[in-house]
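Please read the sequence alongside the model shown here.

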Amino acid sequence: MVESFREFTPGRVGSVAGAPFTFANYLELASPSFAGVLIETFEISIVASLVGLLIAFPLAYCAVRRFSARWRAATIGLMITLVLLSMLVRTYALELTFGSVGVLRPLLLWLGISPTSRWYIEGLVGAGLLHAIVPICTLTLLGAVQNVDPRLADAAKSLGAPAWKAHLDTTIPLSLPALVSAFLVSLTFSISAFVIPMVLGKGRVLFVSNVIYNRFGDIANYPSGAAVSVVMLGVSLIVVYGVSRAQRLRRRSL
Amino acid sequence: MSTSSIRRLSDRLAMAAVVVVIVVGLVFLAAPLLVTALLAFDARNYLGQLPPPALSLHWFDKLFSQDYVVAGLSTSLEIAVLATLVNVFIGGAAAVGLDRATFPGKDALLSAFLSPLMVPAVVTGFALLLFLSNVGIVSGFARLLCGHVIITLPYTIRATLSSLVGRDPRLTEAALVLGATERQAFWNITVPLIRTGVVTGAVFAFAISMDDVAVSMFLTDPTTYTLPVALVANMRASFDLTIAAAAVLLTGITTVLILILERLVGLDRILGQGLFRS
């Protein structure tokens, strides 16, 4: 924290002992290039979290209400395996499958998609986040979906509502608090992601975490790295505050 | 068309959409891992098309012939085992203490213990680096161990605490009434009751420690590094299939962890251990 206010002299590691305090490290962060990284981190994270919920919710619902006991156990087993499986392994697997030298390259070129275009790499980073978000969200939502009384949707259906509308009016609103907190958990995970954008983004798509590491590793500007860290800490604490607010609202609504 | 046939049509469409989403989701989760596993056994010397014309283990030979892999793997395993052991004790003790505690500030203490979950890993790593070098700890191994204990502690505390909260306290009381000492009651009654939580926490701590890059990257020194850090560095330099072989190796370790969990806890019961409480 203190380090972030020290003046940085280029060409040496860390701040000079007793360097004067300055706000310059923070002012630098107001520049468009850093703002761009922050915005991109949030954009990709929010989209990935929303898509993650869109996949995880039907999966959790079907695992609880539709699948046979064996399929249900298999789904839960797969999700726990994925959570425990190294994120590095999963990121590498995605790069090997969808990346610029991956096995799908001929298909991508045939479809006219350039695997090195910026939006494709952004999508790939999003896919990496998604690979982590879906299992976590599914496991988080299982309990919540289990607690929703299935007779409510049945009642709506017997009163003439189509099944999708019955769920839209009963199951989803009743699991809304869980959906909100699953979204915020995914968002905290995504905005602090480090390995995923580093491997899949190949230096073209940077997240805030990568900027911190670059400040430290490549140019040894500790004070600036510390300033980015403090900003990031603040941002993620705001999101965490959102999580606890959502939980409190949920407890009250139960 | 009558309203009921419209209703049936819309239901069928919605059902089809849900099935498509689930199938696409599961394929997306599983397919890349299967591709990687298959390519790790590819007999060719380059990254080529699927399916591989022949299978061989030469990528594994190449993997284990590289010094950085062997050194990284042994450091990783040492750190993970030590961090897990330290955490079963610290986390267990903290959980038992917090479970009994009635003093004000108990919630704040718990939040402090769980805070590494909230703080981005890179910030933790960076802060630890600055802090440890100010304190004078510069050995790579000691720094890594500190970092890993800190980032895995929330998992052991949470899992142990939730099994403590879920146990029947009357069993301990009964033992005390029947003349057991506090110590006997703790070791003979409480510990067996919370075993599943402790095991779950330990397995998660081990897995998190084996996987961490973001914190470890700051704390390594030129001679002490963990396998994931070495792999990431190698991945940036060259992109060949030795890393696919390493991925299969790490997946093997995860499989062992899953078997331990299945044997000692049961996969369906893990959901009750508080790690996925939103």
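Which residues have the most contacts inside the largest nonpolar core? They are L141(A), V195(A), A244(B) and A247(B), in a core of 134 residues. A nonpolar core here is a set of buried Ala, Val, Leu, Ile, Met, Phe, Trp, Tyr and Cys residues joined through C-beta atoms within 7 Å. Helix α6 of chain A, residues 118-147, gives the most to this core, with 15 residues.

This is a predicted model, in which local features need pLDDT of at least 70 and side-chain atom pairs count only at pLDDT 80 or more, while totals for chains, interfaces and linings use all residues. Residues are numbered from 1 along each chain as its sequence is written, and chains are lettered from A and ligands numbered from 1 in the order in which they are written.

Chain A has 13 helices and zero strands, where helices (H or I, at least four residues) and strands (E, at least two) are DSSP runs numbered from the N terminus. Of its 254 residues, 46% are buried, that is, with 20 or more other C-beta atoms within 10 Å of their own, C-beta atoms being placed from the backbone. Among contacts in chain A (C-beta atoms, placed from the backbone, within 7 Å) between residues at least 6 apart in sequence, 71% join residues at least 24 apart.

The contact between the chains takes 55 residues from chain A and 53 residues from chain B. On the side of chain A, helix α4 (residues 87-98) gives the most, with eight residues. Leaving aside neighbours within four places in sequence, V195(A) is in contact with M87(A), L88(A) and T91(A), and with V213(B), A214(B) and V232(B).

How values were computed: A residue is buried if 20 or more other C-beta atoms lie within 10 Å of its own, exposed if 12 or fewer, and partly exposed in between; C-beta atoms are placed from the backbone. Two residues are in contact if their C-beta atoms, placed from the backbone, lie within 7 Å.
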